[in-house]
Amino acid sequence: MQKNLFLGDEAIAQAGIDAGMSGIYAYPGTPSTEITEYVIASREAREKGIVATWCANEKTAAEAALGMSYAGKRAMTCMKHVGLNVAADPFINSALTGANGGLIFVVADDPSMHSSQNEQDSRFFGKFAMIPILEPSNQQEAYDMVHDGFELSEKYRVPVMLRITTRLAHSRANVARKASRPQNQFKLPEDLRQFVLLPAIARKKYQKHIALQQHFLQESEQSAYNRYMEGDDLSLGIIACGLAYNYLLENYPGRKAPHPVVKISQYPVPSGLVERLYEQCDAILVLEEGYPLVEEMLKGLLNKGKEVRGRLDGTLPMAGELNPNLVAAALGFRQEPVTPVPDLVAPRPPSLCKGCPHIDTYIGLNEAIEQFGKGRVFSDIGCYTLGALPPYESINSCVDMGASITMAKGAADAGMHPSVAVIGDSTFTHSGITGLLDAVNDKSNITVFILDNATTGMTGGQPSAALDHIEDLCRGVGVEEEHIRVIKPLRKQHEENTRIILEELQYEGVSVIIPRRECIQTLNKRMRAKFKAKAAENK
Amino acid sequence: MKKDIILAGVGGQGILSIAAIIGHAAVGSGLYLKQAEVHGMSQRGGDVQSHLRLSSGEIASDLIPQGKADMIISVEPMESLRYLPWLGPEGWLITSTKPFINIPAYPDPEKVLERVRALPHHVALDAETIASGLGSAKAANMVVLGAASPFLEIAYEELEQAIRQVFGRKGEDLVKLNLDALGAGRDFTREHLNQ
């Protein structure tokens, strides 16, 4: 048996390659990025002709995957939890169109917000779309679930969600691979109206989707990923979802709890297994990574049944990811005191890299805007969001991809001047263009900085869809040529840059400033590669 | 056999390379392994840590429970102290003494080292200076790994083999530098233990 040390993300990627996937589409987002990155770098994937590509955003990615499914082939689309908000439209509607070739939405949630602006639980989205959800408890299951997920998707012609969280995505473990399966042949849907959601057709499709629910439940009840484990101590029954199952086992040296346990890794919630546990035990403890989805269902609105413990009653905290210690406390184990962190240890938050072009942009912007006062800069999602922290403290918002331009427009409509937006090149093509068009159409009085570092920096330097397109895009949506200003964010150009920024802040209308200098990380990477190539040549 | 290790440092200091070397060596020794890494935002000059778990039996949790780690291996002294809640009563702390100061509130480096030296089981070495002496300060992470190697219960040859595997693609010079760094770290700890 071949053993590999895979990150959870890599296990999913390799499983896609092995399970006959023909295409993978994504926009980078921690903790999901490494899935697509792995397939793009894989020689095996290239040799098999698998399409692996970064898209402009999660919505375009999901739709491309749906299109590949339409053509009968297996497709995957990967995103972080907030990326699913962007792709929500194709996601929810694809539940009704259904799939032709197998279709998997991989969604990586980030409880504890290690690299995110919220910790929403994507299982609610899966439930909302009424589709099967797979939630692996370890890397091997993550691998296996891609194979089984495609099978499930093709059996019922429905998209399947594979939900993971940060710890699984970014933790490495031994994974055994299965035999490789050939890709599907091109094959149109048998019913050429399958994907036409005109109301009259959609109503029928919805009825069909509703009728499928009992089958999905049956699949869950019989799934090998969901298990009922006997235990003698009936004072408590435990439900452990996904990764939480590991934290439960960690607390019992023999890896066997004395209580009955229901392990849940496939949804809809296997109600038969849960009912058996509920009937047998005096109280129920629910361990789940994310929001209290199962716990809330079990409690119901009136909470008149047996005692249900979990996040809602304070047995576990409402916010943040689980860990072995929290689960130990929930099980009532006394914990030995540990050495505290010494007081002298200072926090070390992430910061802009030394030599980062955003630093020079923020220093220039701070100086130019000083006369107008603080609090007028809307920002977006990317490395430059770190400009909120000292010593820059240049920005006043970070909400969602693209919100900088649109919020600046709204505030300008309310009479704020200057009203400034700061957005990265990749974020601009992700969700900024449409907002800029709104501003141009209304002749809004805003100044937009498109920070062009020629890459998607925060997630590790994936190619930016905006590369070489930014001025054309701005002109295309109607920004006046003389108010598209390109500057080079360098310390030695500080005075000239500050003057240009001030000019555009004073202009009454839409102006765009493009500070353009390559990300210091990708520049270093490129220089190292160049140096190595040269050294090899000289040998 | 069971070894629970916290790897600590600042983004960009090479703790994932340490993890990769131990990981290869562990698999070469037929052990189970789980290793939780930090990616994304924190890598930008922030504190980073990795939970590395090795065992002859299957491992449940990707995270090490507090108070259960056998070792903290750190390439930065203040970062080594950040994870003391994880260190078990018999656990060892192995750290480089060279501070990485990229925040205004960095404490007095002498006080940091005092706190490290107050621990009953510690190895503190200036890995960067040792690595510089061997040819490149960048190999400081391998010096630290070498210093930790006597506590790992993994055959030293397996670590050497892992370095050849991981750095092999990057040329013989880099392999030799890292092997030397590993050896220098190990020698330091051996002498330290003999004192």
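In general, strands of a sheet pair through backbone hydrogen bonds, either parallel or antiparallel.

The model is predicted, so local features need pLDDT of at least 70 and side-chain atom pairs count only at pLDDT 80 or more, whereas totals for chains, interfaces and linings use all residues. Residues are numbered from 1 along each chain as its sequence is written, and chains are lettered from A and ligands numbered from 1 in the order in which they are written.

The two strands belong to an open sheet of five strands in chain A, ordered E9-E11-E10-E13-E14, with mixed pairing. Its edges are strand E9 (227-229) and strand E14 (307-309) of chain A, each of which pairs on one side only, and the twist from one strand to the next averages 15°. Helix H12 (residues 271-280) of chain A packs on this sheet and touches E9, E10, E11 and strand E13 (283-287) of chain A, contact being defined as C-beta atoms, placed from the backbone, within 7 Å. The direction of H12 makes about 155° with that of E10(A); such angles run from 0 to 180 degrees between N-to-C directions, with axes fitted as lines to C-alpha atoms and, for helices, over the stretch in contact.

Turning to the backbone, most residues other than glycine have a negative phi, and most peptide bonds are trans. A:Arg255, in the loop between H11 and E11 of chain A, has a positive phi near 60°, and A:Asn303, in the loop between helix H13 (293-299) and E14 of chain A, has a positive phi of about 50°. A:Arg255 is partly exposed, with 14 other C-beta atoms within 10 Å, and A:Asn303, with 13 such neighbours, is also partly exposed; by definition, 20 or more within 10 Å is buried, 12 or fewer is exposed, and partly exposed lies in between, with C-beta atoms placed from the backbone. A cis peptide bond joins A:Pro390 and A:Pro391, with omega about 5°, and the bond from A:His417 to A:Pro418 is cis as well, with omega near -5°. A:Pro391 sits in the loop between strand E15 (377-378) and helix H16 (403-413) of chain A, while A:Pro418 sits in the loop between H16 and strand E16 (420-424) of chain A.

Chain B contains seven helices and six strands, which run β-α-β-β-β-α-β-α-β-α-α-α-α from the N terminus on. Of its 195 residues, 56% count as buried.

Finally, the contact between the chains takes 37 residues from chain A and 39 residues from chain B. On the side of chain A that touches chain B, the elements that give two or more residues include strand E8 (171-176) and helix H11 (244-250) of chain A. E8(A) pairs with strand E2 (residues 32-36) of chain B in the antiparallel sense over three bridges, and A:Ser171 stands opposite B:Ala36 in E2(B).

Terms used
Two residues are in contact if their C-beta atoms, placed from the backbone, lie within 7 Å. Helices (H or I, at least four residues) and strands (E, at least two) are DSSP runs, numbered from the N terminus. Two strands pair if DSSP finds at least two bridges between them.
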